[in-house]
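Subject: A structure for you to look at

Hi there,

I have a structure to hand over, and I would be glad if you took a look. Please open it first; my notes on what turned up follow below.

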Amino acid sequence: MPGTQDTGFAIVPDQTPEGWAVATLGDGFIEDLQPGFACGVHNREGAGVPHLRPMNVNTDGRIDLDTLKYISAAAAEKAGKWLQRGDILFNNTNSAELVGKTALYDLNESFPFSNHMTRVRIREGGLNPHFCALLLHANWLSGDFQDRCNQHVSQASVGRETLLQTPIPVPPFAEQKRIASAVEALRARIDNVRERLARVIEDRKEGDRDIPSIFKRFRQSVLAAACAGQLTTHHREDRADVHPPCVRDVCDVRDVDLDELRRPADIPETWTWGRLGACLEDLRYGTSVKCTFEGEGVPVLRVPNIASGQLDLDELKYGPLTTRQLESLRLRQGDVIVCRTNGSLDLVGKAAVFGNLPGDYAFASYLIRLRTDSSTLLPDYLHLVLSAPIGRDQIEQRASTTAGQYNLNREILRNTLLPIPSLREQRELVDAASALLAIADRLEKRVILARECAEQLTSGILRRAYLGELVPTESELASASGTSFESGEQLLVRIKAEAAVAPSKTGRGVATKKTRPRSKKAVPKKLTKESVVDTIKEMPRATFSFSELRGRLPGDYDEIKDIVFSLLDDESSGLTQCFDAKSRKMCFKRSRS
């Protein structure tokens, strides 16, 4: 038995189950190992045939046809290197992090492939191709190929000899198929979990609409409810001191141009409208003095120090401010700091409240300090309004643009409309909103943790699979039934003997076929609605992209599209369209029936 090495999956002889063997991929299992070919003339418009490249094997170890480059059929025929169903597609050149990702080629249609990919064709009866593809991808997940690849200036590669020397466990042949089937069933369940988690936590686009995550919508709803007095209804019912404070420039509701607000802004009768400028003691720009990370001088807060509505002091810069400058720019507890310039409209106007921090702090010129009149406006309530839809709408609507930067000035902020309740109710609104937002934060952390666990499940499942812990072993089944079986050791001896008679073809540039091979399962000769329905039923996954479906059918793009959309209109077809949150693209879903 050849020596083995640790590939990150602890493949060592004393840990393999009874009836298994340990070998290398080059121990007679390969019938044909060929890199693809380069073609500098290509297009994305669909002229010619798809030329599969590293982007067409995704990090889940599956063929992905969402993004394709096409080459002429003549160039493909001349190279004579085609994929057929059951081949393994190995990414031999990429970044060090991505080189080695692998997928089983499970399409009926034959496509050519680039020189950055290697076609691995398994000798029949030795390794199950699906089992082998999953094993190679498991090695990629473990970092094995990153450790063994050749590092170049801007990319990394895994050569043929390195690939052939990859250690592999060899279960009995029937057990390999059971392992592959069990892994796929579990991966389908993991995919479902990922999609559901993505719908909860990730922002996405659908057409021209941005669809925020559930948590983002919840937070905005809480802030909107607070600004409309919906979180403190009990306060106004139970207490008499519900009148708002005296504001120097109170706006009667009849004087408020509600066209300034993008959405309805009803407030309780006991509240009033006021301009922000009437509720401030001071509004000031920061310093433009050059600051460094060296730690000499006064810490100066910048735009990066405002994160998610709070101060982040991890990356502080320091500036040499004079005593006079510091007197003017010193921050004190309760000051509200607002970002006035940013290249992103979502970030301009973001704010944070300065807390009770020891020592002196100043602020940079891209920030504005708002110091509230404590008799009319609480800093935390102002921060709440600026973060709520009613505040964000005014900021985004009025921000000016210069050289790709969005800007706020003093006048925009002074004229911002605020719904103003009594000081006591402001405190209660802040407390109620903070409690609800804290719940959202805790739930979001749990969902993020669940997503991280889901990402780790695949590698964990593959590790268990290749340690013989996922399905009953052939040895256990044979013992229970009193029958014999071909062990991994016996399989290895047989395959080596067959390989000695018919050596594998691993020469660089040697094409095994000069013509496009027939698929093991023929593509329908004629495109009909019935043939499309049959092909949809045969798709390996219930959720699939149009490109994946197109790769299994004859006919041009428009013909297939017309039939698919006619099926979508027919409820009895069981075909629906859905959004794939992971790829951020529309796809199709086949009903279980």
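Let me begin with Tyr-285: Arg-410 lies over the face of its ring, 4.1 Å from the ring centre. Arg-340 also lies over the face of Tyr-285, at 4.4 Å from the ring centre. Please keep in mind that this is a predicted model.

Next, the aromatic rings. The count of aromatic pairs comes to four. One of them is formed by Phe-544 and Phe-588, with ring centres 6.2 Å apart. Their planes meet at 40°, between the limits of 30 and 60 degrees, so this pair counts as tilted. Phe-544 belongs to strand 29 (residues 543–544) and Phe-588 to strand 31 (residues 585–590), so the pair ties together parts that are 44 residues apart in sequence. Both partners fall under the 20% cut-off for buried residues: Phe-544 is buried at a relative accessible area of 2%, and Phe-588 is buried at 6%.

Now a word on confidence. The average pLDDT of the chain is 85, and 85% of the residues score at least 70. Two stretches call for care. Over residues 508–514 pLDDT stays under 50, and the model has 19 contacts for them beyond four places in sequence. Residues 518–522 also stay under 50, with seven contacts beyond four places in sequence. Where pLDDT is low, the predicted coordinates should not be read in detail.

Happy browsing, and do write back with any thoughts.

Best wishes

Methods. Residues are numbered from 1 along each chain as its sequence is written. This is a predicted model: local features need pLDDT of at least 70, side-chain atom pairs count only at pLDDT 80 or more; totals for chains, interfaces and linings use all residues. Side-chain values use heavy atoms; hydrogens and water are left out. pLDDT is the predictor's confidence in each residue, from 0 to 100. Contact means heavy atoms within 4.5 Å. Rings of Phe, Tyr and Trp (its six-membered ring) pair if their centres lie within 6.5 Å; planes under 30 degrees apart count as stacked, over 60 as edge-to-face and the rest as tilted. Helices (H or I, at least four residues) and strands (E, at least two) are DSSP runs, numbered from the N terminus. Buried means under 20% relative accessible area, exposed over 50%, partly exposed in between (1.4 Å probe, protein chains only). A charge sits over a ring if NZ of Lys or CZ of Arg is within 6 Å of the ring centre and within 35 degrees of the ring normal.
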